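Have a go at each task before you read its solution.

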Amino acid sequence: RIAGAVDYVAPMLYPSSFADGECGLASPRRQPYALVSCAARDFTAQLRGSKAVLVPWLQDFGLDGVVYGAAEVRDQVRAASEAGAAGFLLWNPAGAYTLSG
């Protein structure tokens, strides 16, 4: 609903925020590419016909024993890009971001 009044929509697509079974995934937190791909495609579809573009928040932190490093961050960025996102934002609550080329 907000897409008609804003330029960007920035949902938090943190895999750790999704419950097991969402997007048909047994463990979304352990499948960062698949989760972000599914969720970003859904958001992109909902934004069609509006001027708003998708710029999701992605996860750069581990939680509940699941470690996130450069590969997991790259997978999320790639999934968001392939789904049509115009960019991305990273979040790490400790401010300790993954450095990778």
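This is a predicted model: local features need pLDDT of at least 70, side-chain atom pairs count only at pLDDT 80 or more; totals for chains, interfaces and linings use all residues.

**Exercise 1.** Is Cys-23 buried, partly exposed or exposed?

Residues are numbered from 1 along each chain as its sequence is written, and side-chain values use heavy atoms, leaving out hydrogens and water.

*Solution.* Start with the cut-offs: buried is under 20% relative accessible area, exposed is over 50%, and partly exposed is in between (1.4 Å probe, protein chains only). Cys-23 comes out at 32% relative accessibility, so it's partly exposed.

**Exercise 2.** Find what Cys-23 is joined to, and describe the link.

*Solution.* Look for a disulfide (a pair of cysteine sulfur atoms within 2.5 Å). The structure has 1, and it joins Cys-23 to Cys-38 with an S to S distance of 2.1 Å. Next, the partners sit in distant parts of the chain, 15 residues apart: Cys-23 in the loop between S1 and H1, Cys-38 in helix H1. Cys-38 is buried, because its relative accessible area is 14%. Finally, the torsion about the S-S bond is -85°, making the link left-handed.

**Exercise 3.** Work out what covers the buried residues of H1.

*Solution.* Helices (H or I, at least four residues) and strands (E, at least two) are DSSP runs, numbered from the N terminus. H1 spans residues 32-47, and its buried residues include Pro-32, Leu-35, Val-36 and Leu-47. Their cover includes strands S1 (8-9), S2 (53-54) and S3 (57-59), plus helix H2 (70-82), with contact meaning heavy atoms within 4.5 Å.

Key. The expected span of a helix is 1.5 Å times one less than its number of residues.
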